[in-house]
Amino acid sequence: MSAPTLTPADAADTAAAPSAAASLLRKLVATPEAGVVLACVVAFIAFSSSAHTYYSTANLQVMGRDLAQFGILAVGESFVILTGGIDLSVGGLAGLAGILAGWFNVTHGMPGPVAIAATLLVCAGVGYWHGTMVNKLNVPPFVITLVTFTVCKGLALSITSGTPITGLSNIFGDLSLYYAGPVPIPALIFVGVCVAAWFLLERTYVGRQIYAVGGNAEAARLAGIPTRRRVTSTYVISSTLAGLVGILIIGRLGVADPSVAGSGYELTAIAAAVVGGVSLFGGEGRIVGIAAGAILLEFISNGLLALNVNEYYQTVAQGVVLGVAILADRIRAQYFGGNRR
Amino acid sequence: MTVEPTLERSVTPLGRAVIARLRGVHKTYGPVRVLDLPELDLYAGQVVGVVGENGAGKSTLMGTLAGSVRRDAGEIEIDGHQLAPGSTAESARLGVALVSQEFPLVGQLSVAENLLLGRRPADSRRRVVVDRGAQRRAAEAMLAAIGLDPASIPVRRAVRELPVPARQLIEIAKGWGRDPRLLILDEPTSSLGPVEARLVLDLARRAAGQDKAVLFIGHRLDEVRAIADRIIVLRNGRLVADLAPEEASEDRLIREMVGNEVAHSTPKTAPTGTPTLLEISGLTADGLGPVDLTVREGEILGVAGLMGSGRSRLIHTIAGAQPATGGSMRLGGRPYAPKNPGQGTDAGIAMIPEDRKQQSLVLFAPIRDNVTISILRRISRRGILGPRRVRSAATAITDNVKVRMQSVDQPIGSLSGGNQQRAIFGRAFAAGPRLLLLDEPTRGVDVGAKAEIYELIDRAAESGMAVVAASSELEELLWICHRIAVMHRGRVAAVLERADATKESIMTAAATGQAVQTRNELNGNPT
């Protein structure tokens, strides 16, 4: 039997044949993550040239710590978004996790590591609960995680009666304040989380199946993938990482303070994911982009601080960045994205 | 996957083993029995062609075997193993592979990942981590197994970047790669060019050569006749003919598909002397055209055609719900080029779409709000709507079309399908349209209620509206229409006057794209 040759939309390849450089450029433009990475570089150079303190070691260390906080949240959030869901609870849960860890540690006298493990376990349980509600009872992810967010904020205040918990074990400070060489430990944790998430998503069957569930749940189900288990696992990952962030926050402050507990972080996390090219419809987005998205947002917010921009305008600037990112992504998708929604 | 039978295979007079044995399988949706098969055996080494009109039960039969449709009763054995109803996993385990037309593929993932979705490549030694090399090799082998040059479909590419024919071939490779005992192909060639179609037909023959059973659902009769060892015809969910290829002439098949019932109405006489309302010339749109048609006031024009022939597209393009890419339309003598359905409504067009639940109604909202949404401006006073006005307008509308209900305040979802559909007609009439567009006007409506819908359509025409009705049910078209346009691959293949229209003449034009003389004309016998 003769093998017919079918030409699948090869126009791109043949049209951009003139030079390898042109086709590489084209490939870069067509890659969703390239724009964000480039924007990171541009932002860093621009801020560095206008404010000398910007690239000082001290400031870079500050940025590393900030990044660890909402960057890790963004990675967790992205898992949920990849399945087409959303997790609004991460900020509130991070806050509660910090309080819980302090409460376990100080009020109940648990040793530091045990308190941390217990906190992470509670958070994982919360994620499992989210997944179960979404899968079994078809509760919209938006709603169920908003419930958790609200409860978390209230619980954090009621556990502590509004007063910060002091006298934490050293382990919390060790995690947050120490350095490996010039690099703060939290920044290393962020890198570790990114690498682990990348490996899980790109190199394991479970990860590829998460993409499949988000991309076409019906196809995944028909192919025999346990779709519910995959979805639940993403909520567990998101909540557990939120717990980790909560622990890093109290370590950095030295107290478990319910009034500063992670509010608004969820929106920054979602913004970082979207800027990094994660589709809110699910099934699309890579860790490189998510990390770059988080880094870009940190570069910009810290940069505006270094330039002494009025604090009120900083939020406006963040909104503009998000708007530009979404716009650029849509335009790119129109030209290169095939059937991308 | 090969499942070793635990029971002894029964052997037929042909000397072939039975692969699938169906006994007393039936399935009912609401009042309609869509599948009723007392007995059907599929043998190893045979390609069985399945033909039938739209709604004859072909898809239900496939779904029942593949587990995506849960049968109401009956037993299915695959290789002697009982098949539990309604489980795709169970069907796959027993070796049933369905290649569907809907391509359940994940667009964002690569071809290789789609081909191996939900399983590991056989030679991968890693359990958790993806062995990409093995995955790629397995995918290329799967493509090669169906006779494709692996270079023609790059397995690393995301599926959504590939054209539809390539996706169809991937879907086929996916089914083939499971090494099924029973391979079900659902109109596999409808999206393919001649070369790839040839490949798929060869593949079906090859499957039979390897002692698999093949169920080949075909839309083109010549293709089915060329490939099948046996052709079964379904009509209204029943098996009405089981033919050897040499018995199955195209004429015979069409006759079996449409049945021998005479049309139960005397043909209506078309209104004469009324002015032309809609004039379509050279109209094109995505998957449609060029189309030329005219409709007069008071006339009911039917639109027939097979699935995907462009029936709905034509209706949608006239309504402005799908952009026209060329040609022109005139409505009541004026140029008419709607950019959106709103402009269509403004020009005096009302459309009743195919899917009541998705496209027409807010099911949980009260009847009063559902029937008044197109006339809110008219019944409001300076933009303000009083509840009493809405209720009285809604009562007038529902009385006009005789919706049976307790009150206009109950949710419309609590009404029967027929009553919902009448309410939608009432809503369309309330806007006072000149042209009424219908897409499957009686879908999901039981038989008694259908007649009442037909009365409403007649009433609309008698009041001077022009009606264009697309339907997959030939009886329905023959019952309601003055003229019938038959679509084939986006074009109008024939326009039949009611006196010339029979199920056979419509089916022939729809299947072949050519208007042929009807049997009656050949016999010199006008209906």
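Two residues are taken to be in contact if their C-beta atoms, placed from the backbone, lie within 7 Å. The model on screen is predicted, so local features need pLDDT of at least 70 and side-chain atom pairs count only at pLDDT 80 or more, while totals for chains, interfaces and linings use all residues. Residues are numbered from 1 along each chain as its sequence is written, and chains are lettered from A, with ligands numbered from 1, in the order in which they are written.

Begin by selecting B:Met405, in the loop between helix 14 (387–400) and helix 15 (417–430) of chain B; helices (H or I, at least four residues) and strands (E, at least two) are DSSP runs numbered from the N terminus. Leaving aside residues up to four places away in sequence, B:Met405 touches B:Ile367, B:Thr398, B:Gln410, B:Leu415 and B:Asn419.

Next, show the whole of chain B, which has 19 helices and 20 strands. Its radius of gyration of 26 Å is close to the 24 Å that the globule rule gives for 527 residues, so chain B is as compact as a globular protein of that length; the radius is taken over C-alpha atoms, and the rule is 2.2 Å times the number of residues to the power 0.38. Along the principal axes, the C-alpha atoms of chain B fill a box of roughly 75 × 60 × 45 Å. Buried residues make up 49% of the 527 residues in chain B.

Turn now to the contact between the chains, which takes 27 residues from chain A and 32 residues from chain B. On the chain A side, helix 10 (205–215) and helix 11 (217–222) each supply at least two residues, and helix 10 gives the most, with five residues.

Finally, select helix 4 (residues 57–82) and helix 14 (residues 287–306) of chain A, whose axes come within 9 Å and cross at roughly 140°. The axes are lines fitted to C-alpha atoms over the stretch in contact, with angles running from 0 to 180 degrees between N-to-C directions. Helix 4 and helix 14 of chain A are therefore oblique to each other, a label for angles that are not under 35 degrees (roughly parallel), over 145 (roughly antiparallel) or 65 to 115 (roughly perpendicular). Among the residues making this contact are A:Phe70 of helix 4 and A:Ile290 of helix 14.

Methods. Buried ≥ 20, exposed ≤ 12 C-beta atoms within 10 Å, placed from the backbone.
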